[in-house]
Amino acid sequence: MSLTFYLLAALTLAGGLAAVLLKHLVHCALAVTVAFAGLALLFLQLDAQFAGFAQILVYIGAVAILIVFAILLTRGSDLPKDGVFSKTWYLGLVIAAGVFAVLGWAVLASVRAIPQQDVVPTVTVHDIGIALVGRYVLPLEIVALLLTAATIGAVIVAMHEKERAK
Amino acid sequence: MATNSFFVNLDQIFILLRNWLVGFLPAVLRPAAGVVLGVIAIVCVFPGLFALTTVFERKGLGRIQNRIGPNRVGPYGLLQPIADGIKSLTKEDIVPLSANAAVHFLAPMVLVVTVFMGFAVLPMGRNMVLVDMDAGLLFFFAMGAATELSVFMAGWSSRNKYSLLGAMRAVAQMISYEVVLLLSSVSVVMITGSLSLPKIVAAQSQYTNGFPHWYIFTPWGLAGFIMYAIAATAETNRSPFDLPEGESELVAGYHTEYSGFKFALFFLGEYLAMFSISGLGTTLFLGGWSAPFSFLTWVPSWFWFFGKVMLSIFVFIWMRGTLPRLRQDQLMNFAWKFVLPFTLLNLLVTALWRFMGEGWARWVVCTVILVAAYVVMGRLEMRSEHFGRRSYRYAE
Amino acid sequence: MTTPLAGYLLVAALLFAIGLGGALVRRNAILVLIGIELMLNAANLNLIAFWRFGPHPEALTGMMFAIFSIAVAAAEAAVGLGLVIAIYRHTNTAELDKIDRMKG
């Protein structure tokens, strides 16, 4: 387990923790951007260059900016008076800890059965392209349809209503 | 011939210099040292070009506006960047009291770092690319997308209405034109069959009858290049798309509250973004480091690359001095209702070009489709404008 | 930990738990969406880690799944944030505790 893995994992987890714990919304958005960047670097360390660059392009370049715009459009700068955590926050913490306990136990209990492949896979963009229009053409078309529907839907949902009800 | 090998050596002089310098180190350290030397070269050359460009811009704009630019510091004002540098380094660094100090501090750094990363994949000469990535173009656009966040960080952290407005406008503009930038590059990728920038340049550096195979000399390439140039001007917030930072509109937009060295970093970041986007434009459409005619291939490849980049910068400066500013809604309308549909049509025309095979038929068909689409879409857009006859009024 | 793959899986599990905790604990709707994005990212990390260390990485299954997941997550974030903006415009608040009635 190399040093870069530990550093990147620490960066990602710190960003994630900061994103859910900080009070000010824009700080949370910037912290989650750091988490996205850490994840992209982890992808690059796993030799998945296309996924890593796509992560930066989509998550940091689009999703983070969407989150920030939404915070600004919903006046996220005004902090609520009775705290930013809900009244039953301890339940959420217990559930999250429980989920992590189960997942962690599952990983550590099956360590012997985990496959180990030490050959670095050589994946070119050409292979990804051939796979996308070959074996995965149906998901590709469906994702295209989904993205179109989502874009149109998001615009219509968030659009200013031109006329109020008379 | 002796002259032939001389020109080959001149072409590769930087590579030979790097290999000679790296040869002093033990073999284990050589690859890392080579990369470090390349990084040092990029970090020295492009800010140096930036300094030169500031002078050219001010003098060029001055001449377009019928005045002489700066001419006091050095011969013809050429040492002006040194004066500017000393000024920005010694100015007081003012941070507003209510500003978010950490984000305010980080924003210019994030900008400069992500813009510098974009230079890593540009092929600046034969064999002169810092990292030959398989998905180089995707990496470049990923870095471009990351700069938008730093613009927002700068505008928001200043706690200033004008900064925030400028930042929101800049981010909205950059996102819209980013889509156009990506789509106009996709046509090049379709024809070349690779996302790797050195391969795209290699595909353009062949000659038939002395004329190069640059993509700009094809109908879809010309349309794609024009769309790319419009999108590049908008991405770097240059006139006529500089509403987010126009002095007469928004004080200085998202970098209002920055002074001294941080402002110099923003300025550097903007110009470096201009260089890197021009570099990508020359790589994709203008043939990168290849010479315009086959009898000129003896001139070093890095000369052609930097010459084309400086020509693009000259066109940027020319546009800034000539064209009036676009309003924000005109700019967004233009992006989504004209440039984007035209770029999508260009993709279709590129596919048609590829599958029609060699011959004059594909030239005619593609040109006719693109010109007809341009005329039709232009007329559709202008339906709502009522232009009378042009009238002039001269000052008495 | 013991194997590289187990290390990546544990990081992904921890990130998932952090995202889940954030989605359950915070009041603002946008932070719930941030938590959901963190969970999706953790799942992506899982996919890529298994692709890298599992058998037949040349089949590209894990990478493809992750890329489609990134696309779908972006679409879902767009729609979700559009909904939050629409709700804010209607009820003038983005806090989930206050949006507890179906009547407009």
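Residues are numbered from 1 along each chain as its sequence is written, and chains are lettered from A in the order in which they are written. Because the model is predicted, local features need pLDDT of at least 70 and side-chain atom pairs count only at pLDDT 80 or more, while totals for chains, interfaces and linings use all residues.

Chain B holds 14 helices and two strands, where helices (H or I, at least four residues) and strands (E, at least two) are DSSP runs numbered from the N terminus. Of its 396 residues, 39% are buried, meaning that 20 or more other C-beta atoms, placed from the backbone, lie within 10 Å of the residue's own.

Chain A contributes 15 residues and chain B 17 residues to their contact, two residues being in contact if their C-beta atoms, placed from the backbone, lie within 7 Å. On the side of chain A, helix 3 gives the most, with 10 residues.

The axes of helix 3 of chain A and helix 3 (residues 61-91) of chain C come within 10 Å and cross at roughly 5°, which makes the two helices roughly parallel (angles under 35 degrees). Axes here are lines fitted to C-alpha atoms over the stretch in contact, with angles from 0 to 180 degrees between N-to-C directions.

The table gives the composition by class, with Ala, Val, Leu, Ile, Met, Phe, Trp, Tyr, Cys and Pro as nonpolar, Asp, Glu, Lys and Arg as charged, and the others, Gly among them, as polar.

| Side of chain A that touches chain B | 11 residues | four residues | no residues |

Note on methods. Buried ≥ 20, exposed ≤ 12 C-beta atoms within 10 Å, placed from the backbone. Parallel < 35°, antiparallel > 145°, perpendicular 65-115°, else oblique.
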